[in-house]
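Okay, thanks for coming, everyone.

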Amino acid sequence: MLRIHFSDGDLARTRVAAAPDPVWEIAASLHRLQSRKGRWAYAGWHRTARQQLRDKGLERVLRSVLLPLYPRAAYFPDFLTPADAVGDFDTGMESIVATPPQRVLAELAVLDRTVGAPAWAGRLTGLDARKELVGMLRAYHAAAVAPYEEQAQARIEAERVARCRGLLDGGVEGMLSGLGPMLRWRPPVLEASYPRQTGDRDLYLDGRGLTLVPSYFNWGEPVAFADPQLPPVLWYSLLHEPGPLDAPYGSDASERPLTNLLGRARAVALRAAATGATTAEMARAAGVSASSASRHATALRDAGLITTVRHGPAVLHTLTPAGASLLRAGTGGPG
């Protein structure tokens, strides 16, 4: 178990990341390729990614370089998932290249003691070798991660809406209380399920706060940096519970009454609003243009089923009580 200790100052500095961490998603997706755990949730991705990696000639790189550096085990080097990569892939890649050789060597030594480092790993203390590694990571990301970025962003936006509701209802502690089955808030400690082989750990935030990063490809236990001196970040799984962006609508008998009443696209838009959705997210979920999604949102709003608020340059649609009641009656869903 990982125990994260908060002070009042830490609670004030805790936030949920606004975007996926593309460099962490590389690591988490590599872990998905090494495990059958949760495979059902990634079955389509697994087939497509494997085919893309074959087509791009990256299978040898995957086997001989990436999987040995990112083992699904008790440890892999922290420098491979820099804290400044949230929402910025290029910055993350630059941070890997800029890692001091002494840190690379120290973390590879931990990898070697823990699960065994590949024989060539020591070369990564050299700048040219790290640049070569980053080239491989960019190629892997383009083939296996980038095609799913919009889907990941939509799921993370829905997660942020859910956490904001917890924040409005109960402050930061209310937000922390709703993080899911792998995380338990026992004031002033957030307990995170952790792989058994890592043993128990205590992380004292010491006024630095915590960045919570929902992860599309992470499955199961949350993950934090092994080095407690690094910025406190906790990546946690969305667990891919059924949601508006995960499956086509109207395919299940329980959804047909709502589809028959509203039409398929409008029913999808209403379902998307259950966790909060922008017009663009409604459009992606329903497979329609942005202008069509806007018309569906207007019709739902005029009927008193959703409410709309401006969020920066976009608008966010959420259910009204009437919309939630209709959704429950029509689908048995989470309204």
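**Aromatics and cores**

Let's start with a group of rings: Y42, W45, Y148, Y216, F217 and W219 make up one aromatic cluster. Keep in mind that this is a predicted model.

Now W45. If we skip residues up to four places away in sequence, W45 touches S29, R32, L33, Y140, A144, Y148 and F217.

W45 also turns up in the largest nonpolar core, which has 54 residues. Along with L30 and Y140, W45 is among those with the most contacts inside that core. Who supplies it? At least two residues each come from α2 (22-32), α3 (43-55), α4 (59-69), α5 (89-97), α6 (101-114), α7 (127-145) and β8 (233-237). The largest share, 9 residues, is from α7. Then there's another core lying apart from this one, with 21 residues, including F6, L11, L205 and L212.

Back to rings for a moment. How many aromatic pairs does a search of the whole structure find? The count is 11. One of them is Y70 with F76, a tilted pair at 5.7 Å centre to centre and 40° between the planes. Y70 has a relative accessible area of 0%, so it's buried. F76 comes in at 11%, and because the cut-off for buried is under 20%, F76 counts as buried too.

Key. Residues numbered from 1 in each chain as written. Predicted model: local features only at pLDDT ≥ 70, side-chain atom pairs only at ≥ 80, totals over all residues. Heavy atoms only, no water. Core = buried A, V, L, I, M, F, W, Y, C linked by side-chain atoms within 4.5 Å. Buried < 20%, exposed > 50% of the residue type's maximum accessible area, 1.4 Å probe, protein only. Helix = DSSP H or I, 4+ residues; strand = E, 2+ residues; numbered from the N terminus. Contact = heavy atoms within 4.5 Å. Phe/Tyr/Trp six-rings, centres within 6.5 Å; stacked < 30°, edge-to-face > 60°.
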